Amino acid sequence: MAEVRNITIEEAVRLLGGTEGHFLDYKGKDLKPANLSKTISAFANASGGEVFLGIDEVEGLSGKEHHWNGYDVPELANGVHQVLHDLDPVEADISTQFLIADEQLGYVLHIQVEKSQKVVQATNGNVYVRKGAQNLPLTEEAIDRLKFDKGIKSYEDEILNIDHEEVSNSETVIEFMLGTVPTGEPRIWLGKQRLLDGNRPTVAGVLLFSDTPQVILPKRSAVKILRYQTKDEAERDYLATDPETIEGPVYSLIYDSVERVRQIIEGIQKVGAKGMEAVVYPEEALHELVTNAILHRDYNVASDVQIRVFDNRVEIESPGKLPGHVTLSNIARTQFARNPKIVRLVNKFNNPPNKDVGEGINTAFEAMEKLRLKKPIFSETDAGLLVVLTHESLASPEQLVLEFLVANEEITNQQARELTGIKSENTMKNVFYRLRDSEQIEQTPKVAGKKFSWRLANKV
């Protein structure tokens, strides 16, 4: 029997005021358990979500409204619990509780569905995925795609229809063998590592040891670097140069990409306390995030890793959804290798890019904090996982303004917005007003033809 929780009237009102969508669904108590299983399958195969069973959706004066109409007694939901148990026998991904509230009728069953590591079928044998407020059935091809998304299958194990010499007789593998297994024969060693299937190499073998993997796996094995001279969205008009493509086996791809991005960043300047200053990102953060984007991407997706360098941020986009049990909320404290062979074997190279396996994102966080910069921001897009490193300081806007005025006579609203990353002119004015009211700054006497500015209080 699920626990019973008594919620307040205010909580009940908020619950009824929700909108069905990608993470939320309301169902009436008369819904057949088999039909409920479609929603459970859809949430478990996507990013998880919540179902409230015992809430009716009716047409009201202002559109659709939700009315509390729960079970008379919890035992009436036993059929639902049986279906949930069949879908998740060990209760790893589904949890339940009954909700009751004063002035509301009956028990509402709250079902919390976590993102599952496996493909979850509904009771009719079909597989669904949540898209917006819909539960969409998947074709066999789409189910195969879902397995790649979840990390159940890894594209690194796919066999390619090319000769083994592409990886067994390359400069990359010969140099690697001399440094790692000097007495071994490349073809025998590659076979033992499951990088060869008879005379044919796997995707992992090509990515690691072909001298030119991009020829064999075009549009899914390179890194595209784009420099936009703007703080706004990526538009072709803002491209400073033609996009650059970094190619090569995984090991060199990581180091060459990080080095090129570092060179580009060194050419960017921003407003600082002492005037225009070079933008600085900790190389450890860049290295770890680029390494993660390349090693853990979904190679089944025909798209290259993209690194976009803006005037105020760097964006790193890695193709493929978050695999397995990884979510945006646990990404910094959990481990899951979508491409375990690539991750394990690149670690055998001299000076491996993934020295501290599993610590990459934490290392990036720590490196940003050392420079008093904000932590990387992670989000999921239609294309995959997006990581954003901004130039924004952890210091408050007030502190940044005062530090600037210690080294400079005055500061304008525009300069302060450049310094703090604040976009709104009015928001910046409020920062100035707070500093004025605390008697730390004062407005500079107005001079015709000159913009309003501020200076340290009592500064002559």
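Reader: Is Ala-42 buried or exposed?

Author: Buried. Its relative accessibility is 0%. Keep in mind that this is a predicted model.

Reader: Which helix holds Ala-42?

Author: Helix H2, residues 33–45.

Reader: What is Ala-42 in contact with, leaving aside neighbours within four places in sequence?

Author: Tyr-128, Val-129, Arg-130 and Asn-135.

Reader: And how far is Ala-42 from Pro-319 in space?

Author: 22 Å, C-alpha to C-alpha. In sequence the two are 277 residues apart.

Reader: Zooming out. How many helices and strands are in the protein chain?

Author: 16 helices and 22 strands. The chain has 460 residues, and 44% of them count as buried. Its C-alpha trace spans about 80 × 75 × 35 Å along the principal axes.

Reader: Take contacts between residues at least 6 apart in sequence. What share joins residues at least 24 apart?

Author: 64%.

Reader: Cores next. Which residues touch the most other members of the largest nonpolar core?

Author: Phe-209, Val-250, Ile-294, Ile-307 and Val-314. That core has 60 residues.

Reader: What does Val-314 contact, beyond its neighbours within four places in sequence?

Author: The list is Ile-265, Tyr-281, Leu-286, Ile-307, Arg-308, Val-309, Val-387, Val-388 and Leu-389. Ile-307 is also one of the core residues that touch the most other members.

Reader: Which residues does the second core include?

Author: Val-51, Leu-53, Val-80 and Leu-84 are among them. This core is separate and has 19 residues.

Reader: Now rings. How many aromatic pairs are there?

Author: 13. Take Phe-176 and Trp-189 as one of them. Their centres are 5.3 Å apart, with 50° between the planes, and the pair is tilted.

Reader: Which parts does that pair tie together?

Author: Phe-176 is in helix H6 (residues 171–180) and Trp-189 is in helix H7 (residues 186–192), so the pair ties together parts 13 residues apart in sequence. Both residues are buried.

Reader: Why is the Trp-189 and Phe-209 pair edge-to-face?

Author: Because the planes are at 85°, and over 60 counts as edge-to-face. The ring centres are 6.0 Å apart.

Reader: Where do Trp-189 and Phe-209 lie?

Author: Trp-189 is in H7, and Phe-209 is in helix H8 (residues 203–209). The pair therefore ties together parts 20 residues apart in sequence. Phe-209 is buried, as is Trp-189.

Reader: Which residues make up the cluster linked by ring pairs?

Author: Phe-176, Trp-189, Phe-209, Tyr-251, Tyr-255 and Phe-349.

Reader: Charges over rings. Which ring does the charged end of Arg-313 sit over?

Author: The ring of Phe-310, 3.7 Å from its centre. There is also Arg-297, which lies over the face of Tyr-299 at 4.7 Å from the ring centre.

Reader: Where is Arg-194?

Author: In the loop between H7 and strand E10 (196–197). Arg-194 counts as exposed, at 57% relative accessibility.

Reader: Staying with H16. At what angle do the axes of H14 and H16 cross?

Author: Roughly 70°, and the axes come within 10 Å. H14 covers residues 397–407. The two helices are therefore roughly perpendicular.

Reader: Which residues make the contact between H14 and H16?

Author: From H14, Pro-397, Glu-398, Val-401 and Leu-402. From H16, Met-428, Val-431, Phe-432, Arg-434 and Leu-435.

Reader: And how do the axes of H15 and H16 cross?

Author: At roughly 95°, coming within 10 Å. H15 covers residues 413–420. That makes H15 roughly perpendicular to H16.

Reader: Which residues meet there, in H15 and H16?

Author: Asn-413, Ala-416, Arg-417 and Thr-420 of H15 meet Glu-425, Met-428, Lys-429 and Phe-432 of H16. Met-428 and Phe-432 also take part in the contact with H14.

Key: Residues numbered from 1 in each chain as written. Predicted model: local features only at pLDDT ≥ 70, side-chain atom pairs only at ≥ 80, totals over all residues. Heavy atoms only, no water. Phe/Tyr/Trp six-rings, centres within 6.5 Å; stacked < 30°, edge-to-face > 60°. Helix = DSSP H or I, 4+ residues; strand = E, 2+ residues; numbered from the N terminus. Buried < 20%, exposed > 50% of the residue type's maximum accessible area, 1.4 Å probe, protein only. Lys NZ or Arg CZ within 6 Å of the ring centre and 35° of its normal. Core = buried A, V, L, I, M, F, W, Y, C linked by side-chain atoms within 4.5 Å. Contact = heavy atoms within 4.5 Å. Axes fitted to C-alpha atoms, helices over the stretch in contact; angles between N-to-C directions. Parallel < 35°, antiparallel > 145°, perpendicular 65-115°, else oblique.
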